Amino acid sequence: MKHLRSIGLLVGILILTFSMTSCAVDKDKPIDIKEAVLGHMSDTYDWHITTWGGHHISFPLPVIVKHHEGNWEVFSSEKLEHGATYNGFYIDHERQGKIFEQGFDDRPWDFSITKNVVQIWINVFILLLVFIPCARWYKKHDLRQGAPKGFVGVIEVLVMSINNDVIKASIGEQNYRPFAPYLLTVFFFILVTNLMGLLPIFPGGANVTGNITITFVLAFLTFLITNFSGNREYWKEIFWPEVPVWMKCPVPLMPVIELSGIFTKPFSLMIRLFANMLAGHAIILSITCVIFVTYQVNAWVGTSLSAFSLVLILFMNCLELLVAFIQAYIFTMLSSVFIGLAHPEHHKKIIQ
Amino acid sequence: MQNMPSILTPDFGLMFWMLLAFLVVFGLLAKFGFPTIVKAVEDRKNFIDESLKNAREANERLANIKVESEQILREAHEKQAQIIKEAMATRDNIINEAKGKAQTEGQQLLEDAKKQIAAEKENALADIRSQVADLSVQIAEKVIRRQLQNDDEQELYIQRILNDVK
């Protein structure tokens, strides 16, 4: 009975959605799938919710830009809607939909609170809301009172499994402690950001980890930590590795390879997270577009193919849940491995 | 560069905000979040390990005490048996000794009694003898008073009798 009711509800929602889409689709105007997919994944100056009857419903967000002459401007993104110009600033849709100043070809300084920035701060807020109360639980309870139950228990299991199985295992028992907070923060930041990116509407839905700027910042932080915490052994292995002399003396073959390795490691971190999240979003958005494209043919083709693509979307979303976790896990694990490689003493000890 | 999609081109403003937000959340969680959780869990783990160790030691000690108490009990049993054995031996000794003593004492008493009896008998015999002598003298007096008129004859006779008596 319970199952019957939920199946009935699902079918009802399906019929409603399909009838709505068939109304919404403009039969004469072809759909630009590339524009739709990329548009949904791009960073924007306002938070677009939906389009209802040709009218855009969106939150305006603050724009913070600097004139080429020198003074800063703060105004609502509403003022730039529909190609409007405000104090010489306009959004150039030909050039990635960024803000430009009239009469200048290069971008002004632009610290606008964009959709992605809002999403990042929402994620930061969620992270603080999850972990600070959890930490307070331990402050309030004596350890003799036993392990926490419920939500705090789940968080404890997650934190400790990452701490012990990923960070401690990759860096080594002696050195892992100073790096654990950074790596745990990276893991949970990426995890929450990935999961929030899967939500179709506010307060999620912004494609943050599928933006190269974000993954660049994360990979760059790992790069800095790896190389600034690396000890003498690490630098010796880069510039004077234990290989036959002819491989490093007249032509510094190995040092060049090792030196490029310093940069390719974080680069691979950056690209891996970015490409995986981007691909997931792109596939889900493309399959969603199938619904709109097929309704342009006719209602029957549209309905039958839409049912198929709905199943695919459900499957992709489940897969993306998995990918959201795996990518956060891999980023953290590889960061730990790179930091561990910068502390090579304990490897030697194992060999001895 | 500007022909590429915007997600592929780094944006300085977004980078600034991302860095700021990440450093804020990292600072707060590194100060108030993760170390507290990890430390609490590790402390609890150490506490549990120590409790288990203590419990194991207590168990071992308890087992030792059991063995010890059994040994003490066994020893006590052995001692008890030995004491009983000794007591029995002592009792037998005492009885034997008493028997011997009683025998010798009885012997002594018997001998004393015999001696006394012998002495009494001697006394009695002497008494009887003297009385017999008296009686005989008296009888003899009477007899003689009548028969012997002369002193010489009498004297002689008496002498003869005396010699016979002796």
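Domain bounds here come from an automatic or database domain assignment. The model is a predicted one.

Q: What makes up the domains of chain A, and how far apart are the centres of domain 1 and domain 2?
A: The assignment divides chain A into domain 1, residues 46-110, and domain 2, residues 115-345. Taken over C-alpha atoms, the centres of domain 1 and domain 2 of chain A are separated by 31 Å.

Q: Why is Phe111(A) called partly exposed?
A: A residue is buried with 20 or more other C-beta atoms within 10 Å of its own, and exposed with 12 or fewer. Phe111(A) has 19 C-beta neighbours inside 10 Å, so it counts as partly exposed.

Q: Where does Phe111(A) lie, and which residues does Phe111(A) touch?
A: Phe111(A) sits in the loop between β6 (98-101) and α3 (115-140) of chain A. Leaving out residues up to four places away in sequence, Phe111(A) touches Ile64(A), Gly13(B) and Phe16(B). Lys66(A) is 45 residues from Phe111(A) in sequence, and their C-alpha atoms are 8.5 Å apart.

Q: How do the axes of helix α4 and helix α5 of chain A cross?
A: The axes of α4 (residues 150-171) and α5 (residues 180-198) of chain A come within 11 Å and cross at roughly 120°. The crossing of α4(A) past α5(A) is right-handed.

Q: Which residues make the contact of α4(A) with α5(A), and how do they divide into nonpolar, polar and charged?
A: From α4(A) come Val159(A), Ile162(A), Asn163(A) and Ile167(A); from α5(A), Ala180(A), Leu183(A), Leu184(A) and Phe187(A). Of these residues, 7 are nonpolar, 1 is polar and none is charged.

Definitions and conventions
Residues numbered from 1 in each chain as written. Chains lettered and ligands numbered in written order. Predicted model: local features only at pLDDT ≥ 70, side-chain atom pairs only at ≥ 80, totals over all residues. Helix = DSSP H or I, 4+ residues; strand = E, 2+ residues; numbered from the N terminus. Contact = placed C-beta atoms within 7 Å. Axes fitted to C-alpha atoms, helices over the stretch in contact; angles between N-to-C directions. Left-handed = near helix turned anticlockwise from the far one by under 90°. Nonpolar A, V, L, I, M, F, W, Y, C, P; charged D, E, K, R; others polar.
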